[in-house]
Amino acid sequence: MEKKLKTPIDDHTRESLIAGEEVLISGYIYTGRDAAHKLMVESIIKGEKLPFNVDQQVIYYVGPTPAKPNQVIGACGPTSSYRMDAFSPTLMKKGLKVMIGKGPRSKEFIEQLKKQKAVYLLAIGGLGAKLSQTVKENKVIAYPHLQSEAVRQLYVEDFPAIVAIDSKGNSVF
Amino acid sequence: MYTIERKTIVETIKDMFIDSAYHLGEDFVNKLKSSQEKESNQLGKSILSKIIENQEIAKNNNIPLCQDTGVAVVMLEIGRELIFDYDLEEAINAGVRRGYMDGYLRKSMVKHPINRINTLDNSPAVIHYEFVAGHQLTIHAAPKGGGSENMSRLKMLTPGEGEQGIIDFVIETVKLAGGKACPPLIVGVGIGGNFEKAALIAKKAIFRKINDQAENEVDQLLEEKLLKEINHLNVGPMGLGGETTALAVKVNSYPCHIASLPVAVNLQCHSARKSEVILDGKKIENSN
C-alpha cells in the first residue's frame, strides 16, 4: 500500500520515508525546471526575494503541455532531475525539503540533501496523461514569460511517486 | 510530372504531429504489453502497467502521452517525379506550427542555444530529405523528446576496435543513460558512413517498425546480440531494475572509410511517438 502524504510534509513524516517506498501526495506543490531554477538561484545570490517561500515546500520538475479549455492542465510528467543538481543545494539551504523528478542525482546533491534532511521523490517519466488527472488546480505564480517553464502552484490529489533518495541518503539507484 | 498541393502538406504534417502526440502505435503497445507480462521485477512490472495505462488515458481523454512533445523531426522520401512550385520547407514548418498550436502541444524550441528565447510555436522542424523512385511522398514525423535525445552519443572508433568496440560503446551508452532516457527504450544504432551519416542512420533506425529486422545478416545478428546484453544490464523500466531495458535494438549500417568506424547511438524513450503517411502526387496537366 502506498503511504499518503499531505503537503507541506512535516519533519517527522518526511524523515520516516524510506527509499523504495511508494507514496501518494496531496496538497499544494510548486513547479520549476531548468530556466526557473536558474532565475531563482540568481535571485538568492543577488539577495532578492523568491517568487514563493520555498521553506518546507515541494518542487516538482515539470513543464506541462498547455491546458485545453476544459482541462486544469495538460500532460505533466516529470523531467530529468540531474539538470537541477547545480541549483538544488542553494534552494535546500533556503528550506526546500522535497523535490520530485526523474532519474538519479549527483553526489553533491545527496550530501546537501542529507544535511537538510530533505527527500527526493521519483515520478514515473512519460506518464504525462495519467499524472494530469491528479492535478486539481493550476496557477502560474512567477516567470510567465518562461511559458511551460513558468513557476506554477498546483493542487494535487494522490499524485503517485516513489521515494528515490530518503533523508538519510539511501537511494533506489 | 506530379505534384502535391501546399495545403495538403500543411494539413498532413499538422495532423501527424497531433495524432502521434496522443497515440502510440498498436504494434508498439502490444510490445509493451508482452514485456509487462514477462517482467519479473515487481517495481518494473508495476511501472510498465502504468505506462500502458497512461497511453489508454491519453487516447481516451485526448491528453498528450507526455508533456515533452519534443523537437519536430520530419523525414521525407520524395519521389523523383514530383515537383513543388512552392517552398516545401516553409510548408512543413507551417504544418508544425499549426499542429503544436491546434493540438495544445508544448512548445519546446528556443531560437538560439545560448540566448534560449522560445520560438512559441515549436518551429523550426529538423527536416531530412531523400530522393526515391516514383511519384509518391512518404513522410515520417516524430515529436522527439529531449530526455532520451540528451543521452544519445557518437564515437569515432578505430577499425581495429571492430564489432566488440561497437557493442561496448552501445552498452556503455545505455548504462550511462540509466533511467534518464525513460526506458524501456528503442536503441537506434548507426554504424559506418562518417560523422554525420552515422548519426542520421541511427536516427532513421528508431523510425523503423518495432518488429522489423535489419536488411543484412551482420546487422541482424548485432541487433539480437545487443538486445540480449542490454536486457541483462538490470537498468529496467525507468532505471529501477528489471529485464525490460530495451524493447528493440535497430542497427543501420553504411559503407565507410578504411581509417574509420563511426558509431552513433540514438535513444528513443518508451513514449515512442511517430507517424508515417504516404501521399500520392497528382499528375500535372500537359506534362510528360
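Two strands pair if DSSP finds at least two bridges between them. The views below come from a predicted model.

**View 1. Strands E5 and E8 of chain B pair in the antiparallel sense.** Five bridges join E5(B) to strand E8, residues 261-268 of chain B. One facing pair can be picked out here. Leu154(B) stands opposite Ala264(B) in E8(B).

**View 2. An open sheet of four strands in chain B.** The order is E5-E8-E6-E7, and the pairing is mixed. Which strands stand at the edges? They are E5 (153-157) and E7 (246-256) of chain B. Each has a single partner strand, so one side of each is left without a neighbour in the sheet. On average, neighbouring strands of this sheet are turned by 15° against each other, direction ignored.

**View 3. Strands E4 and E5 of chain A pair in the parallel sense.** Four bridges link E4(A), residues 98-101, with E5(A). Val98(A) stands opposite Val119(A) in E5(A). In a regular strand the side chains alternate between the two faces of the sheet. From E5(A), residues 119-122, Val119(A) and Leu121(A) point one way. Tyr120(A) and Leu122(A) point the other way. Are these four residues buried or exposed? All are buried.

**View 4. The largest cavity.** Rolling a probe the size of a water molecule over the atoms shows where empty space is left. A search of the whole structure finds three cavities of 30 Å³ or more. The largest has a volume of about 60 Å³. Its lining includes Glu2(A), Leu127(A), Leu131(A) and Lys50(B). Strands E2 (22-31) and E7 (151-165) of chain A each supply at least two lining residues. Which strand gives the most? E7(A) does, with three residues. By class, the lining has seven nonpolar, no polar and three charged residues.

**View 5. The second largest cavity.** About 40 Å³ of space lies here. Among the residues that line this cavity are Ala142(B), Ile186(B), Ile206(B) and Phe207(B). Gln268(B), Ala272(B), Arg273(B) and Lys274(B) line the cavity too. By class, the lining has five nonpolar, one polar and two charged residues.

Key: Residues are numbered from 1 along each chain as its sequence is written. Chains are lettered from A and ligands numbered from 1 in the order in which they are written. This is a predicted model: local features need pLDDT of at least 70, side-chain atom pairs count only at pLDDT 80 or more; totals for chains, interfaces and linings use all residues. Side-chain values use heavy atoms; hydrogens and water are left out. Axes are lines fitted to C-alpha atoms, for helices over the stretch in contact, and angles run from 0 to 180 degrees between N-to-C directions. On a 1 Å grid over the protein atoms alone, a cavity is a set of points where a 1.4 Å probe fits but cannot get out, and a pocket is an open set with protein on both sides within 12 Å along at least five of seven lines; lining residues have an atom within 4 Å of a point. Grid points are joined across faces, edges and corners, and a volume is the space filled by probe spheres set on the points. Ala, Val, Leu, Ile, Met, Phe, Trp, Tyr, Cys and Pro count as nonpolar, Asp, Glu, Lys and Arg as charged, and the others, Gly among them, as polar. Buried means under 20% relative accessible area, exposed over 50%, partly exposed in between (1.4 Å probe, protein chains only).
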